[in-house]
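Please look at the sequence and the model first.

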Amino acid sequence: MRNYLKHYINGEWIDSTGDETEDVINPATEEVIGTISLGTKEDLDKAVKAARAAFPSFSQTSKQERIELLERIAQEYEKRKDDIIETITDELGSPLSVSENVHYMMGYNHFAQAAESLKEFSFIENRGGHIVMKDTVGISGLITPWNFPTNQTSTKIASAFAAGSPVILKPAELTPFAAVILTEIFEAAGVPKGVFNLVNGSGSVIGNGISSHPDIDFVSFTGSGAVGQKIMENASETIKNFALELGGKSPLVVLDDADVEQAARTAVGHIATNTGQVCSAATRVLVPSSMKESFEKAVKNVLPEFPVGNPREDNRTGPLVAKKQWDTVQSYIEKGQEEGATLLVGGTGKPEGLDKGYYAKPTVFTDVKNDMVIAQEEIFGPVMSIITYDSIDEAIEIANDTYYGLAGYVVGENPENLRKVASGIRAGRVKVNDAEADFAAPFGGYKRSGIGREWGDYGIEEYLETKTILGFPE
Ligand code: TAP
């Protein structure tokens, strides 16, 4: 049992001023694996005070000092590898291989990349008559979701530290333990007191408290569009700066010269990895009408490569994070059937032999029309919609016929067509074939997928203000 009943404020683990707690459940076993304290407004105020007190000295640290701090964090992070992997598997239900190759790896890369980006980063530009300086935004409130417990926390914290901004982190109640390990990593790396503060608690108290706090200068949020809107409303009261990374309903455009089996593997990988609980997952798969049957056959063929089951065994897909998420996914599968889409594989209920745990069946709908609810709303589960198209222009039109614009994918051979589709998709990140991950590349959305960019130097920019100085003595 992991009982984390304290918050980390001003370099110390301190008791909560309230007595409310929340149990954390392992989604694979449905058993309680620990408890956290739910913080109060008073706890948040203490954390804000600590971050404010740390601001004058931390914001004035040199670039070199902050590079060294980020490098020490990356080193300490590596030392906690096994802990991080096991913790994420227990709280989120992701298979050990996914916890290692996705969650652990992404967290590490954000700290290492922030150090690298900072080396090249220029905080001052002489523009002839005037100087333009990049100045720390102030203190930052970070609100993160449950689906990537180290990725989303690390990208925000690494960028804030690179920019010299002290932070208050509120992780999601469903997966709060990875943030405790991160806190221990920061302690071991010598993060100055007050620069990192962890307040556990509910979105309605601590999350809401952060976005409306008059002494917090900037809020970075990742999560649902509904909460994103609430944050914008709250931030408007104090004209607070904010960045939002929200949902997606991303298209994967399969071109007619794509290797059909490989394209199907890519598509299934999107709904299998993290059990489809990924904001940038490709859940609308656009295939040429002429390829429909061969693609459907290929999907059925590759599905067994992604076995669903106990995340501590050799499986590729674990349970959904919580009963509530399982119920949501079930209702979307029912909706798809009501709307007249054809169920190719999967459906409602649990996979055979997996009665305990929030396991869902990987589900693929075909004959989907892009205006159906299952093609428009973010399901956040292992559900794919296959939609056909007859020309590349039509594929781009369908790809963009969505409120979202977080990501897009295109697979095929002809470079001209790949370029046309990649350039035509209205989204913050488009991936062509098997392009490798690049942690210096900006990440964020168009339209209702958000405002702002994370990762690398673009991520650091979010935590900076621009200041002009006229007549700066040489
Ligand atoms: P959200 O409700 O958006 O939760 C994300 C974070 O915001 C959590 O830390 C949450 O706290 C906090 N929060 C909740 N209400 C808040 C408020 N009024 N003010 C400030 N912060 C608040 O997401 P969810 O309930 O976990 O998931 C719902 C749906 O959102 C999912 O099904 C999925 O579609 C989408 N989602 C998207 C993403 C990404 S990466 N785009 C990530 C997660 C979920 P607590 O949960 O601890 O109360």
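The text below describes sheets, hairpins, helix packing and the ligand site.

The model is predicted: local features need pLDDT of at least 70 and side-chain atom pairs count only at pLDDT 80 or more, while totals for chains, interfaces and linings use all residues. Residues are numbered from 1 along each chain as its sequence is written, and side-chain values use heavy atoms, with hydrogens and water left out.

**The sheet of β1, β5 and β4**

An open sheet of 3 strands has the order β1-β5-β4, and its pairing is mixed. Strands (E, at least two residues) and helices (H or I, at least four) are DSSP runs numbered from the N terminus, and two strands pair if DSSP finds at least two bridges between them. The edges are β1 (2-4) and β4 (21-26); each has a single partner strand, so one side of each is left without a neighbour in the sheet. From one strand to the next, the twist averages 25 degrees. Such angles run from 0 to 180 degrees between N-to-C directions, with axes fitted to C-alpha atoms, for helices over the stretch in contact.

Strand β5 (residues 31-37) pairs with β4 in the antiparallel sense over 6 bridges. E22 has I36 in β5 as its bridge partner. Helix α6 (residues 177-189) packs on this sheet, touching β1, β4 and β5, where contact means heavy atoms within 4.5 Å. The direction of α6 makes about 55 degrees with that of β5. Helix α3 (residues 81-92) also lies across β1, β4 and β5, and runs at about 100 degrees to β4.

**The sheet of β6, β7 and β23**

A further open sheet of 3 strands has the order β6-β7-β23, with antiparallel pairing. Its edge strands, β6 (124-127) and β23 (464-470), each pair on one side only. Neighbouring strands here are turned by 20 degrees against each other on average, direction ignored. In β7, V132 stands opposite E125, and I131 stands opposite N126.

**Two hairpins**

Which residue in the turn between β2 and β3 has a positive phi? This residue is N10, with a phi of about 55 degrees.

| Strands | Bridges | Residues between strands | Turn residue and phi |
|---|---|---|---|
| β2 (residues 6-9) and β3 (residues 12-15) | 4 bridges | 2 residues | N10, about 55 degrees |
| β6 (124-127) and β7 (residues 130-136) | 4 bridges | 2 residues | G128, about 75 degrees |

**Helices α7 and α8**

Helix α7 (residues 203-212) packs against helix α8 (residues 225-237) at an angle of about 40 degrees, and their axes are 7 Å apart. That angle makes α7 oblique to α8, because angles under 35 degrees count as roughly parallel, over 145 as roughly antiparallel, 65 to 115 as roughly perpendicular and the rest as oblique. From α7, N208, S211 and S212 meet K230, I231, N234, A235 and E237 of α8.

**The ligand site**

The ligand is surrounded by 27 residues, each with a heavy atom within 4 Å of it. The closest are T144, W146, E173, S224 and L246. A polar side-chain atom of S224 lies 2.6 Å from an oxygen atom of the ligand. For E378, a polar side-chain atom lies 2.9 Å from a ligand oxygen atom, and for Q325 the distance is 3.3 Å.

Note on methods: Polar contact = N/O pair within 3.5 Å; in protein donor to acceptor, adjacent residues only side chain to side chain.
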